[in-house]
Each structure stands twice: as C-alpha cells, then as structure tokens.
Amino acid sequence: MFTFCHAGKMGDILYSLYFCVESAFHFKHTKFDYALLINKKITDFSDQFPGDDILLTRETAEFIRPLLESQVYVDKVLICENLEKGYVDLNSFRRGYICPYGCEIRDWYYTFGKVTLPRAFWKRILYVDPNPAYKDKILFTLTDRYVNQGLDYTKLKEFRDRLVFIGTDREYQVFQKNFFELDRLELKPEDSLLTVAQYMAGAKGYMSNQTGFYALAELMKINRILLPPDWIWNEEKELVMGPKNNLPLGGWANCVSFTPKMVASVKEMLAL
C-alpha cells in the first residue's frame with residue numbers, strides 16, 4: 001500500500017488526490033494512506049522561495065482529516081512532523097523544478113511520477129452526503145489572498161439575499177467593510193472540512209477566488225464559479241499578474257474575469 005505525504009497547504013493537498021488515486025489504481029491498489037506533514041515552511045524544501053509561514057498547522061490538519069478519512073480510497077490519515085522513508089513525497093513541486101505560477105495545480109504532482117496516468121481532472125473525486133441547510137443559497141468566499149482587482153464585487157449586492165459567506169472571521173469582516181453586509185455560515189469549533197463539504201454539496205452552488213474551499217468544490221464538481229487572480233496587489237502594493245493556476249473542469253462551472261460575466265453567471269446558477 002502507498003503512503004503519500006504532503007506538507008500543505010489545504011488546496012494543494014486536495015488537488016493532489018487525483019495523482020494519488022490514479023497512481024494507486026495503476027499499481028493495483030484500491031486504498032492508500034495519506035500523511036499530513038505539519039509545521040513545515042517553504043524553506044524546508046527549497047531556498048529558492050522565501051517564506052517563514054507554517055504551511056500546515058496541526059489545527060488545520062485535524063480540520064482536513066475527517067474529509068480524507070471519509071473517502072473510500074483512503075485507509076488511514078496520519079498527522080506527523082516527520083515520516084520514515086518509504087513514502088511518496090508530494091512536496092517535490094516546492095523544490096524549484098516547476099513554475100507554480102502557471103499551468104494547473106493538479107498537474108504539478110504528475111511531473112515527478114514515472115508512469116503515464118490519465119489526468120482525468122474533469123472527474124468527481126470527493127463524495128459526501130449533502131446537507132440541504134442552504135439548498136437555495138450560493139455559498140461564497142473571498143479571501144484576502146488572490147483577490148482579482150479587475151472585478152467589481154459591489155455588483156454582487158443585488159444577490160445578497162441568496163449569498164451566504166463562508167470563511168474566517170477576518171475574511172468576513174474585511175468583505176463587509178470593503179463591499180456590503182452579508183449573511184454568514186459560521187462554523188462551530190467541532191466542525192471540519194467534511195462539514196464544509198456537506199454544506200457545499202447541499203447548496204445551490206459555490207463561488208470564490210482561489211482558496212482551499214474552492215479546491216473542495218472543484219473536486220466535488222458541484223455548481224461553482226471561480227474568481228481567478230488575473231490582477232492582484234502584491235506585498236509592495238503593486239498591481240501584478242496573479243498565479244492563475246486553477247482551471248474549472250467538469251460539471252457546471254465558470255471561470256470569471258469580467259464583471260458582467262460574473263453577474264450573468266450568478267443569475268444562471270440561481271436559475272439551475
């Protein structure tokens with residue numbers, strides 16, 4: 001049985017599942033173990049990219065674990081700071097071999113495998129039981145990171161009765177301060193990424209910029225709208241091209257870089 005090992009972040013972990021499932025199937029395995037490597041920094045893998053932030057904390061790993069454990073192809077989920085030899089290292093993309101600003105995140109992992117695999121990114125790969133609590137609503141996230149400055153988010157105000165924000169306290173407060181007030185789906189301390197997936201699966205759809213939650217929607221192939229980071233503010237407050245490395249594939253999906261298209265996509269989603 002394979003053991004795959006990943007140090008985060010959340011979206012990168014989720015997108016790696018295509019490679020894990022296809023690799024295991026290729027070698028006649030129906031299940032694999034997945035190790036979440038905590039408390040690592042980018043500089044632990046390469047000195048080419050700066051960064052002192054922890055990629056994956058124990059708290060976030062525990063938040064992710066129930067979702068992974070619920071999938072039929074995962075046998076065990078391990079949370080550890082180090083792992084003995086004999087695992088498949090999913091962190092190789094951080095070692096400078098590829099450009100993480102381009103291409104498609106799911107494809108990064110295939111760079112380091114020696115066999116040809118299907119890359120069936122249009123297929124659904126995460127399955128959960130839907131929670132219909134928000135069946136007539138669009139769940140919505142806008143994080144501080146990767147906010148497309150070419151989109152006018154105030155145009156979403158006409159849909160405020162059908163949008164429900166899901167995200168951190170800070171993300172929610174920043175959105176309301178910058179744009180308009182909005183109802184919120186507030187997660188309880190005992191909730192996990194599995195809880196989020198169940199809400200998403202039961203909702204009318206999901207809309208967000210590039211986030212770990214968007215990766216979740218993408219792998220479930222629910223109705224979704226991606227607000228990609230064509231133009232973003234960097235740390236020096238300069239307007240630069242962002243890492244547009246997510247491509248919605250399969251099911252009903254839109255990748256929106258133009259405000260009129262964003263509004264039209266929301267209307268279409270609500271009519272589904």
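1. Basis. The model is predicted, so local features need pLDDT of at least 70 and side-chain atom pairs count only at pLDDT 80 or more, while totals for chains, interfaces and linings use all residues. Residues are numbered from 1 along each chain as its sequence is written, and side-chain values use heavy atoms, with hydrogens and water left out.

2. Geometry of H6 and H7. Helix H6 covers residues 193-202 and helix H7 residues 212-220; helices (H or I, at least four residues) and strands (E, at least two) are DSSP runs, numbered from the N terminus. The two helices pack at an angle of about 55°, and their axes are 10 Å apart. Axes here are lines fitted to C-alpha atoms, for helices over the stretch in contact, and angles run from 0 to 180 degrees between N-to-C directions. H6 and H7 are therefore oblique to each other; angles under 35 degrees count as roughly parallel, over 145 as roughly antiparallel, 65 to 115 as roughly perpendicular and the rest as oblique.

3. Contact between H6 and H7. On the H6 side the contact consists of Leu 193, Val 196, Ala 197, Met 200 and Ala 201, which meet Phe 213, Leu 216, Ala 217 and Met 220 of H7. Contact means heavy atoms within 4.5 Å. The residues of this contact comprise nine nonpolar, no polar and no charged (Ala, Val, Leu, Ile, Met, Phe, Trp, Tyr, Cys and Pro count as nonpolar, Asp, Glu, Lys and Arg as charged, and the others, Gly among them, as polar). An α-helix has 3.6 residues a turn, so residues three or four places apart point the same way.

4. Surroundings of H6. Eight of the ten residues of H6 are buried, so this helix is largely enclosed by the rest of the structure. Buried means under 20% relative accessible area, exposed over 50%, and partly exposed in between (1.4 Å probe, protein chains only). The buried residues of H6 pack against H1, helix H3 (58-69), strand E5 (138-141), strand E8 (205-209) and H7. At the start of H6, the backbone nitrogen of Leu 194 has a side-chain oxygen of Ser 192 within 3.2 Å.

5. Ends and burial of H7. Nine of the nine residues of H7 are buried, so H7 is largely enclosed by the rest of the structure. The buried set includes Glu 218. Thr 211 caps the N-terminal end, with a side-chain oxygen 3.2 Å from the backbone nitrogen of Phe 213. After H7 comes Lys 221, whose phi is positive, near 60°.

6. Ala 215. This residue is placed in helix H7 and counts as buried at 0% relative accessibility. Leaving aside neighbours within four places in sequence, Ala 215 is in contact with Gly 11, Leu 14 and Tyr 15. Ala 271, 56 residues away in sequence, is 24 Å from Ala 215, C-alpha to C-alpha.

7. Ser 16. The loop between helix H1 (10-15) and helix H2 (17-26) holds Ser 16, which also counts as buried, at 0% relative accessibility. Not counting residues up to four places away in sequence, Ser 16 touches His 6, Tyr 34, Leu 90 and Tyr 109. Its C-alpha atom is separated by 21 Å from that of Ile 225, 209 residues apart along the chain.

8. Backbone points to check. Most residues other than glycine have a negative phi, and most peptide bonds are trans. A cis peptide bond, with omega about 15°, joins Gly 8 and Lys 9; Lys 9 lies in the loop between strand E1 (3-6) and H1. Lys 28, not a glycine, has a positive phi of about 70°. Lys 28 lies in the loop between H2 and strand E2 (32-37) and is exposed, with a relative accessible area of 74%. Arg 119 likewise is not a glycine and has a positive phi of about 55°. Arg 119 belongs to the loop between helix H4 (105-108) and E5 and is partly exposed, at a relative accessible area of 36%.

Note on methods. Polar contact = N/O pair within 3.5 Å; in protein donor to acceptor, adjacent residues only side chain to side chain.
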